[in-house]
Amino acid sequence: MSELKVKDKDIVVPGDIVAEGIDFLPSYGTYRLGDNILANRLGLIKIEGKVIKLIPLSGKYLPKKNDIIVGKVIDVNFSGWRVDTNSAYSAMLGLKDATSDFVRRGADLTKFYDIGDYMVAEIINVTSQNLIDLTLKGPGLRKVRGGRIITINPNKVPRVIGKQGSMVTIIKQSTGCQIIVGQNGVIWLEGTPQGEILAVRTIEKIEQESHISGLTERVQKFLEENKLESKVN
Amino acid sequence: MTYENKQNVLKYLKEGIRLDGRKLEEYRAVEVESDISKSAEGSARVKIGDTEVLAGIKLAIDKPYPDTPEEGTMMIGAELLPLSNPEFESGPPNIQAVELARVVDRGIRESKAINTKKLLIEKGEKAWTVMIDIVTLNDAGNLFDAAALASLAALKNTKFPEYDGTKIDYKKRTDKDLPINKLPISVTVLKIGDFFIVDPNSEEEKAVDARLTVAISGDKICALQKGGDMPVTTEDIKKMIDIAFDKSKELKKIIGE
Amino acid sequence: MSYKKRNDGRDFNETRPIEAKVGVIKRADGSAMFRIGNTVAYVAVYGPRELYPKFLQNPEKGVLRVNYNMMPFSGSGERVRPGPSRRSKEISYVTEKALLPVLNLAEWPNAVVDVFIELPQTDAGTRCAGICAASMALADAGIEMKDMVAAISVGRVDDKLVVDLNYEEEAYDGEVADIPVAVIPSTGEVSLLQMDGEISKEDLMKVLELAKETAVKINEIQKEALKKKFEVQ
């Protein structure tokens, strides 16, 4: 007889038995050992019919094609720029993907993007060795100026963004900040100092409490209460 | 830190506020816990915000230095453990670790916090030597102040192990305290642009123009160390020392001096 | 001679009191503290991250790198000179071998997972405490692992078979066997086995069973500690 040992949204750790029997199918974050299905990561259980998978609660960013990330230029060479992606793998932004302008041979590429500059870019290719290519050609892709950069657990990015951007929109409205959330956990924001501080605190709260239900209501309440305080200053 | 990110830090300081909402001269929460390692003769853990530092003291018996035959000795070492910061590498102490150890050392040595004469056992032959080791557990900025505080707290709870004249029995602690006088309080003040702050977090440390660590004993300054790439005016120095004296009162209370 | 009673009054197959906590080093990607009696181990995990020097990189999968170190004031007697010793290098090496079998680093070619083990206070059983803490820290960091690893020292003091030897027992003036064992709880497989002293084959097989039983109990504590991090405040 097959038996589920956990329910939806339970927290499991590597080695936990999540199901016994052969009727269930192990998916992401779980595996079969004999008659049992075990978890192989720290995460939240998600049960979809007979399929058991897991939403990871931690782990570094693994670059994926088509992800929009916020990266930092760490090197400039003849053919382009090397970009830190907040992961184990740096990325390459080639000349032809960076600009439509004609660039003379031997031109000083730091005039476009210099070491330390942050940019919103799209991953256009990831090889089997995790070599990454980026592009800045696309809607919303650009260098960002000023503002502030924070880094969060990349597994929490979907909660910070919310369904169709609903969560990040609430934060933008309540704090008056521009906010760009990279899939790699790097976030750029810009507003008044008080607005930025409130946005950062809200994002940190989402990061801490993402696994506890009722998050949206708590965030709205938090923004309401603190919005008034920051204006009083 | 790039020019633009620094501009943002300055944008905050102009409004009298820091990246984490603190005021310019505000410390994060300071916690001191004593006797955290039973293997040590004295030890302490200090947290400043998320920064966490341990200090442990071991005592041994050695020959006094030839130029001070009636005094015991002291040495301070520091390790910036790779455990505490992804940017720290394994290996022998780098210049940051060496500077940290030597700055904490000067504060304690020059203020004569340890009564080295009372460490003597036999003139010219035997005296106690005090070895303080500082290790970082989590670096969230301001290791200087945390390290100095941890060393002081460790000194305060150090007890001599049993010594029968030939061998030290480290397993048996006496209740004889290490002979210490007034302890110096160390405060690090930073200059970013035209603004002065204390207790920087990691991001602010990257934006620093200059820093001054001031060790204060009573109403006297007993050690100074200027760091950072930019020079400072004498007005700056006076202002930073004033801030250090002011903040030292708070830290003094926390450590129970 | 007969070892009639343990010097701290414990039963022969009883461990010293255990305390485990996860998430103790904020800057780390994963971290944990494991205390057994008077032995305390802190572990921080960083990675997967870029690996330097390049010649250490493995293009097929990520690499595990363990660094075990005792703080200068953590020894039972004199100050321990800072820096790696032959003993600490060997412990780093066998710890790495103890943890590797449960990890899956196939998604991280050329990257490294760094495990730093530091001890502020010791009373025997340090490499086992380090392994227990490291397992929790690796899970906390979101590393894919089919199970955690639990380790405990077992052995013989005179005529008695014992679990979790303390320093005094290791240094006992008589016949002693000190055997650190690391176990993968879900399969009962042994990933670390060393021995100091002298023991008969029969007694060895007996204490190995004791080790496996104890490892399962320790594993429950490890799992609790991980889940506790996410408890609703």
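**Entry 1: terms and ground rules**

I count two strands as paired if DSSP finds at least two bridges between them. My helices (H or I, at least four residues) and strands (E, at least two) are DSSP runs, numbered from the N terminus. The model is predicted, so to speak with care: local features need pLDDT of at least 70, side-chain atom pairs count only at pLDDT 80 or more, and totals for chains, interfaces and linings use all residues. Residues are numbered from 1 along each chain as its sequence is written, while chains are lettered from A and ligands numbered from 1 in the order in which they are written.

**Entry 2: the sheet of chain C**

I started with β4(C) and β5(C), which run parallel and are joined by eight bridges. For one residue pair I noted Val63(C), whose bridge partner in β5(C) is Val112(C).

Then I looked up the whole sheet. It is open, has five strands in the order β1-β2-β3-β5-β4 (chain C), and its pairing is mixed. Why is one side of β1 (18-22) and of β4 (63-70) of chain C left without a neighbour in the sheet? Both stand at the edges with a single partner strand each, so one side of each has no neighbour there. On average, neighbouring strands of this sheet are turned by 15° against each other, direction ignored.

I also checked a helix: α4(C) lies across β1 and β2 (30-36) of chain C, and runs at about 35° to β1(C). For such angles, axes are lines fitted to C-alpha atoms, for helices over the stretch in contact, and the angles run from 0 to 180 degrees between N-to-C directions.

**Entry 3: chain C against chain B**

I call two residues in contact if their C-beta atoms, placed from the backbone, lie within 7 Å. I found 24 residues of chain C in contact with 30 residues of chain B. On the chain C side, β3 (39-50) and β5 (111-121) are the elements that give two or more residues. The largest share, four residues, comes from β5(C). By class I get 10 nonpolar, nine polar and five charged residues on that side. Here Ala, Val, Leu, Ile, Met, Phe, Trp, Tyr, Cys and Pro count as nonpolar, Asp, Glu, Lys and Arg as charged, and the others, Gly among them, as polar.

**Entry 4: chain C against chain A**

Next I turned to the other partner: 28 residues of chain C are in contact with 21 residues of chain A. β3, α2 (126-140) and α4 (201-228) of chain C each give two or more residues to this side. β3(C) gives the most, with four residues. The residues divide into 13 nonpolar, five polar and 10 charged.
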